Amino acid sequence: MANFVLRLPATSFRSFSISASSNGAFPGTSSSTQNGGPVILELPLDKIRRPLMRTRANDQNKVNELMDSIKEIGLQVPIDVLEVDGVYYGFSGCHRYEAHQRLGLPTIRCKIRRGTKETLRHHLR
């Protein structure tokens, strides 16, 4: 298993880091890196489609606790995102996503895996 972290100098107020790991969240997807692992990066909230948001309501106590935690120590666990043809779909991290929205944060750390339209259909069932 190979891990790496790439840190780029901040330009203006924007910076991000990229890392890769060999454990993935979406079975049957192709890798975003050569070593078989997902890529971790900050994505703008408005670039992530949330196809499952209407299926359940978030626990507002949990969202509030996450908001406090994110303000104090930042997001500790990235949300899982599936990238299909350049479009990002979020399938986990509903509470973390809402906490970022309510805090007015423009981006969220994501664990991104590439997939096909068939993979996307499988996750939408």
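Leaving aside its neighbours within four places in sequence, which residues is I79 in contact with? I79 touches I48, R50, S92, G93, R96, Y97, I108, R109, C110 and K111. Contact here means heavy atoms within 4.5 Å.

This is a predicted model, where local features need pLDDT of at least 70 and side-chain atom pairs count only at pLDDT 80 or more, while totals for chains, interfaces and linings use all residues. Residues are numbered from 1 along each chain as its sequence is written, and side-chain values use heavy atoms, with hydrogens and water left out.

Start with the overall plan. The protein has three helices and seven strands. Along the sequence they follow the pattern β-β-β-β-α-β-β-α-β-α. Helices (H or I, at least four residues) and strands (E, at least two) are DSSP runs, numbered from the N terminus. Take the contacts with a separation of 6 or more: 72% of them join residues 24 or more positions apart.

Next, the surface. The accessible surface comes to about 7,900 Å². Carbon and sulfur atoms hold 51% of that area. Accessible areas come from the Shrake-Rupley method with a 1.4 Å probe; for residues, only the protein chains shown count as cover. Of the 125 residues, 40% are buried. Buried means under 20% relative accessible area, exposed means over 50%, and partly exposed lies in between (1.4 Å probe, protein chains only).

Now go inside. The largest nonpolar core has 17 residues. Such a core is a set of buried Ala, Val, Leu, Ile, Met, Phe, Trp, Tyr and Cys residues joined through side-chain atoms within 4.5 Å. L43, I48, I79, I108 and C110 touch the most other members. The elements that give two or more residues to this core are β3 (39-44), α1 (60-73), β5, α2 (94-103) and β7 (107-114). The largest share, four residues, comes from α1. A second, separate core has five residues, including L82, Y89, F91 and L120.

Helix α2 deserves a look of its own. Seven of its 10 residues are buried, so α2 is mostly covered by the definition above. These are C94, H95, R96, Y97, E98, A99 and H100. They pack against β4, α1, β5 and β7. Just after α2, G104 takes a positive phi of about 75 degrees.

The cysteines come next. C94 is buried, with a relative accessible area of 14%. C110 is buried too, at 0%. A disulfide is a covalent bond between the sulfur atoms of two cysteines. The search counts a pair of cysteine sulfur atoms within 2.5 Å. Across the whole structure it finds zero disulfides.

Finally, follow the strands around β6. Two strands pair if DSSP finds at least two bridges between them. β5 and β6 pair in the antiparallel sense over four bridges. Here E83 stands opposite Y88 in β6. Strand β4 (residues 48-49) pairs with β6 in the parallel sense, over two bridges. R49 stands opposite Y89 in β6.

β5 and β6 form a hairpin with two residues between them. D85 lies in this loop, between β5 (79-84) and β6 (87-90). Most residues other than glycine have a negative phi. D85 is not a glycine, yet its phi is positive, about 50 degrees. Is D85 buried or exposed? D85 is exposed, with a relative accessible area of 59%.
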